[in-house]
Amino acid sequence: MLETKRKEKSILTFPADREIALETNNLQVYYGDNHAMQDASLQFPRYSITALIGASGSGKSTYLRSLNRMNDGIARVDGEIMYRGLDVNADEVDIYQMRRRIGMVFQRPNPFAKSIYNNISFPLREMGIKDKSKIDGIVESSLKQAALWDEVKDDLKRSALALSGGQQQRLCIARSLAMSPDILLMDEPASALDPISTHKLEMTLNDLKEQYTIIIVTHSMEQASRLSDYTAFMHMGKIVEFDTTENIFTNPAVKLTEDYVSGNFG
Amino acid sequence: MDAVKKELTRKSKASRQDQRGKLISLACVTLIMLVVLSILYMITSKGLATFFENKMSIVDFFTKQVWNPSAKPQALVGALPMIVGSFSVTVLSALLAAPFAIATAIFMVDIAGKRGRKILQPVIELLVGIPSVVYGFIGLTVVVPFTRTVFGGTGFGILSGTFVLFVMVLPTVTSMYVDSLKAVPQFYREASLALGATRWQTIYKVIIRASIPGLLTAIIFGMARAFGEALAVQMVIGNASILPSDLVSPASTLTSVLTTGIGNTVLGTLPNNALWSLALVLLLMSLVFNLLTRFIGKKGAF
Amino acid sequence: MNAKRVDKIATAVIYLLVGIVILILVALLGFILITGLPHVTWSFLTSPASAFNAGGGIGDQLFNSFYLLFLTLLISFPISLGAGIYLAEYAKKNRVTEAIRITIEVLSSLPSVVVGLFGFLLFVVQFKLGFSIISGAIALTFFNLPLLTRNIENSLNGVSNLQREAGLSLGLSRWKTVTKVVVPAALPGIITGIILSAGRVFGEAAALIFTAGQSAPVLNYANWNPFSGDSPLNIFRPAETLAVHIWKINTEGIMPDASQVSAGASAVLIIAVLVFNLGARWAGNYVYRRITASK
Ligand SMILES: Nc1ncnc2c1ncn2[C@@H]1O[C@H](COP(=O)(O)OP(=O)(O)OP(=O)(O)O)[C@@H](O)[C@H]1O
Ligand SMILES: [Mg+2]
């Protein structure tokens, strides 16, 4: 029994009939000479939430940002990121189309310096949707999905910067959802939020799982265990273990993982 | 599924937009580059014509004292009086302005406190923005008579030019030095005071020393402004292209001869080309000032 | 001498020097305003200048100054915006970018006479535009470009990277992200910069005497057809500005009240600069509040 815990690495793979929304094969990321992500191979099943956990500096953001090429121009990325049978980094892939389908929500809320309404309608209009009533509909539905509608519906013309941090973050989620993406990447979306806003956000994500594939970076073990179906544990630029969340938290295969999730780290 | 793949691989509107945007902004930068290069090229080629087309001697240009490019049969292009004039007013006004600027800047940052700074800062900013013709007008109506009564002579001359430029560069130098004083970390001051140093010792030994590069940059910036200033100087210097024997007799600078002369000469003739040579000297000097500040900026921190 | 005494003496010297500076500043502003303001009447501001007799105004010059300022900003703002965007958003950190920055700095350090003379050579003579508003506006543009470009670049750099990432992650092009997100967010700084540069342009004379010229032909303010000769809007007519007017009447003016006219005109210039300075602050703050506040 103890012997199995001596494993160095344990990565879950899925049976062929399970639909995979996104997968990386031997992904490498370099910041100059710093090899910040090594041999990352993960599969993200469709309509599930996967949590990325690990200590600060372990490479969670690095990995996540590579998935929709937000690291372009900052880091060098090697290896495969397969989405719908295409490598995201391939020349033939249009980066803008790809990013619409693989949306991202950042650690710090970053609404545009525009009204609440325009924060959502502006990217839609840029995408080519001109019909005002259609835009209105999307604004409303995405705000509802992000559980913000009731708080702002009377004052959509207000500047988004006048919202609270938690509201801003939910607006950013609504803005991403409005593009109707396939996959939602979230980098510690709750780190700037108070417990109540965090709770609301988690409820939102739970509902969104029905229609989206979500990959979320979090520092909170509770959040990962409450929210996610699968969990990947990273350490010093490597993926140490990937499994169902239940296994990771109750019966991890690698000693390092066990130490980390039980708080005996370091 | 395949429809999505198709969409993903089709070149989107956004990607075309991006290429266009990059091109537009690059075009703007290129335009500015072109402007600079053509200024450098045209002034240089015009300025050198005196020596290559009209076959005047470069050595004479920098050493001879008589400026009479339209003299017959032998034109005389000795630019020494203007060069001396330009350097005199520049150096003298910088020397005069430096102590006042240093004192004012130190006062604003380290002595006056918030309220003093709040009053002085906008006034200094306003003065930086006052048009040079206004300084020239005041020079003409106040400074020249003042110089005449106090120092004798006609009042027109290098001294008046110095006074006018002093007032002009003072706010520029002060506000630049204020910025570099503000950049000196607060703990320098605290550490020095904690060691028992008096305020002046702190200012002199720590703050000024730490901000020497910033001070030099500010002064050179002021000198560049003084050297290139045309109208204010031209209004008070007297505009006599002879080597000045003292500070209160009429003299001239590169800029003053340029502004008075360019409209009265015919393009392409020697008298006109000679003026472009003066402009070339002006241009080269501004490049020198630029290099100097760049050099200092590379070496110093604040 | 002990340190305490030196400290006292040095402090006294600093106070003395600062006192002199303040005295000069007060005297300077006081002189212009006290001698100038009494001449600033409505008729002074609106009537045309007179060459030989007393009682001339500065109406045409004032109009010319504003018109030239307007044209200059019209030309220089888009170019500076493009260049600022390039430097802040697209330029990579390499030698070429460094060279671009140096070149722009060189342009900003050129004396304005030199810029004016270049404008004279190229536009007035070579392109045969003559002394004209358009030649003047282009010369002023050259003089304004580097400052405005640097200001815009700095304002754009001041916008948080989070804003750019927000745009890019939504699949917007970098260009759209910059023009529709970053530039609006940088607007307070940009507007402050534009107005401050307007103050400089408004008072500039050296770059204009050989480009826009030193004469103010009679204007017919009833004729707004920009292509006709005596229309104020005609960009091919010579146009003496307020600053040039002050220089001109002080160097070769022969009207008996040259000094009063100059004083009045100087006061107007100073007040204009003051208004531009205050306006820059106010407008920057106002736009900032508009963007961030609840309404
Ligand atoms: N823009 C960058 N340039 C250079 N190195 C970077 C950059 N961003 C991250 N790194 C480096 O990559 C490594 C992984 O950083 P990353 O931000 O991915 O960690 P993280 O797991 O997200 O940490 P945290 O939990 O603190 O957000 C670190 O060593 C970091 O120094
Ligand atoms: Mg991170």
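An oxygen atom of ligand 1 lies 2.8 Å from an N or O atom in the side chain of A:Lys60. The structure is a predicted model, in which local features need pLDDT of at least 70 and side-chain atom pairs count only at pLDDT 80 or more, while totals for chains, interfaces and linings use all residues. Residues are numbered from 1 along each chain as its sequence is written, chains are lettered from A and ligands numbered from 1 in the order in which they are written, and side-chain values use heavy atoms, with hydrogens and water left out.

Two further side chains of chain A approach ligand 1 in this way. For A:His219, a polar side-chain atom is 2.6 Å from an oxygen atom of the ligand. For A:Glu188, the separation between an N or O atom of the side chain and an oxygen atom of ligand 1 is 3.4 Å.

Two residues of chain A were examined individually. A:Arg46 occupies the loop between β3 (34–45) and β4 (49–54) of chain A; helices (H or I, at least four residues) and strands (E, at least two) are DSSP runs, numbered from the N terminus. A:Arg46 counts as buried because its relative accessibility is 19%, where buried means under 20% relative accessible area, exposed over 50%, and partly exposed in between (1.4 Å probe, protein chains only). Beyond neighbours within four places in sequence, A:Arg46 is in contact with A:Arg18, A:Glu19, A:Ile20, A:Ala21, A:Arg84, A:Asp182 and A:Thr213, contact meaning heavy atoms within 4.5 Å. A:His235 belongs to strand β10 (residues 230–235) of chain A and is partly exposed, with a relative accessible area of 21%. With neighbours within four places in sequence again left aside, A:His235 is in contact with A:Ser58, A:Val240, A:Leu256 and A:Phe265. Between A:His235 and A:Gly165 there are 70 residues of sequence separation and a C-alpha to C-alpha distance of 30 Å.

Chain A and chain C bury about 2,000 Å² between them, with 61% on carbon and sulfur atoms; buried area is the accessible area (1.4 Å probe) that two parts lose on being put together, summed over both. This interface has three salt bridges, a salt bridge being a side-chain nitrogen of Lys or Arg within 4 Å of a carboxyl oxygen of Asp or Glu. A:Glu126 forms a salt bridge with C:Lys176, the closest N and O atoms being 3.7 Å apart. On the side of chain A that touches chain C, the elements giving two or more residues are α2 (95–101), β7 (102–105), α3 (116–127) and α6 (165–178) of chain A.

Between chain B and chain C, the buried area is about 6,700 Å², of which carbon and sulfur atoms give 82%. In chain B, B:Ile32, B:Leu126 and B:Phe137 lose the most area to chain C, together 10% of what that side buries. The contact between chain B and chain C also includes three salt bridges. In one of these, C:Glu105 pairs with B:Arg294, the closest N and O atoms being 3.5 Å apart. Helix α2 (residues 13–52) of chain B supplies the largest share of the side that touches chain C, 20 residues.

Note on methods: Polar contact = N/O pair within 3.5 Å; in protein donor to acceptor, adjacent residues only side chain to side chain.
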